[in-house]
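Have the viewer open as you read.

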Amino acid sequence: DAISVFAIFAIIYFIISNHFFEYSYAWNHSDKSLEPKYLLSSIWEGQEGSFLLWAFWHAVLGLVLMRTAKKWEAPVMSVISFAQLCLSTMILGIYIFDLKLGNNPFLLLRDSGVMAPENAPAFYSGGVLREDYLQLINNRGGQGLNQLLQNYWMVIHPPILFLGFASTIVPFAYAIAGLWKKDFGGWSKQLLPWSLFSGGILGLGIMMGAKWAYESLNFEGYWAWDPVENASLVPWLVMVAGLHTHLIFNATGHSLRTTYLFYILSFILILYSTYLTRSGDLQDTSVHAFVTSGMNSQLRAFVFVFLVPSVILYALRYRQIPHIVKEENTWSREFW
C-alpha cells in the first residue's frame, strides 16, 4: 500500500513537472512559469492531490506503527488500512451504475469534457479531433496555480496540516483497538507520545494557516469566522481535551471513558470537516472550500462508515471500561 501511494505521488509530480498538459490535473493546476516548489504544491491544490497527500501521511504513519505498535499492531493497522481503502476510493474516478467513486488524477484532458467540440472548437477539424492536438495543448499551457496560493506557505502549510489530519487516526485506532480487544487501558502509555504528536502537529498546521492568512489574503488576518477554519480548529480542541484526560488517567485512573470519547470524536470531526470542505455545501460561505465535485454521497459515507461502528462499539463496551466512582479531588493537580 505504501509503495503504491508513494509511486502515484511521484508519477503525478513527474507529469506536472514535465508539463504533460494532456493530463487534466496538470492542465488545471499548473503551468510552465511555475517554480519547482510551486509545481510540487500544485499537487495538493486539487481535491485528488489533497486526498493523495492525506493517504501519503497515513502510509508513513503506518510504516512507523508497524515497527513500534508491538502487540497492538494488528488491530491498530486494521483501522488504518481500512481508512486507506476509503481514501483510495476518493481517487478512483470510476462509476458503479450512477454512483461516482472519486476523481481520477490521471484523467486525460480529452476525456474530461474541457475539450468537447462545443468548449474547444480550435482542437477540432471537420468535427474530428486534430492529430496535433497534443502540440496545441502544450503551446497553450495550463491554467496555472491560483495567485493567492503562489506563496511559500502553500508549499509547507498543507503538508503539515494534512499530517495533523492524518495523525488523528492513531489515537482513534488505539481507542478502537482497546474496545475491540477489551484491553481498555493497556495502550495508555504507548499511545501518549502519538497523542502529543497529533495535538502538536495539528496545532502547528492551524497556526501556519493563520500566518499565511496574515501574509497573503486581502482581509489581512486569520478568517476565524470561516467555517473551514473552524472545522479544523474544533477537532484540535477535542484532541487537546483528550490529551488532558489521557494524562489524568495515567496519573490517577480517572477519565478513561472520557478519553475514549475525545479520541473517537477528534477523528470523526476531522472526517466531518472533510465533508464540509469538499462537498460544495460551503462554496458560497467559505473562501477556500472546494466547489462541488459530485462526491457528496461518497463523502457522507466516509464519515458514517467510521462514525456508526465506533459509536456502537463505544456504547456496547461503555460499562466495561474501568472507571473510578469517587470524584476527582478538586485540590489535585489533575483537576486543575
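Searching the whole structure turns up 17 aromatic pairs, where a pair means rings of Phe, Tyr or Trp (its six-membered ring) with centres within 6.5 Å; planes under 30 degrees apart are called stacked, over 60 edge-to-face, and the rest tilted. Take Phe56 and Trp57: their ring centres are 5.2 Å apart and the planes sit at 80 degrees, so this pair is edge-to-face. Phe56 is partly exposed, at 21% relative accessible area, while Trp57 is buried at 18% (buried is under 20%, exposed over 50%, partly exposed in between, with a 1.4 Å probe and protein chains only).

Before going further, bear in mind that this is a predicted model: local features need pLDDT of at least 70, side-chain atom pairs count only at pLDDT 80 or more, and totals for chains, interfaces and linings use all residues. Residues are numbered from 1 along each chain as its sequence is written, and side-chain values use heavy atoms, with hydrogens and water left out.

Now look at Phe172 and Phe267, a tilted pair with 4.7 Å centre to centre and 35 degrees between the planes. Phe172 belongs to helix α8 (residues 169-181) and Phe267 to helix α11 (residues 256-278), so the pair ties together parts 95 residues apart in sequence. (Helices are DSSP runs of H or I, at least four residues, numbered from the N terminus.) Phe172 is buried at 2% relative accessibility, and Phe267 is buried too, at 1%. Both belong to one aromatic cluster, whose members include Phe51, Trp54 and Phe302.

Rings also meet charges here. The charged end of Arg257 sits over the ring of Tyr318, 4.1 Å from its centre, and that of Lys181 sits over the ring of Trp180, at 5.2 Å. For this, NZ of Lys or CZ of Arg has to be within 6 Å of the ring centre and within 35 degrees of the ring normal.

Finally, find Glu22 in the loop between α1 (2-17) and α2 (24-29). Is this residue buried or exposed? Glu22 is buried, because its relative accessible area is 18%. Beyond its neighbours within four places in sequence, Glu22 is in contact with Leu108, Leu109, Leu134, Ile137 and Asn138, contact meaning heavy atoms within 4.5 Å. Glu22 and Leu136 are 114 residues apart in sequence, yet 9.8 Å apart in space, C-alpha to C-alpha.

Key: Helices (H or I, at least four residues) and strands (E, at least two) are DSSP runs, numbered from the N terminus.
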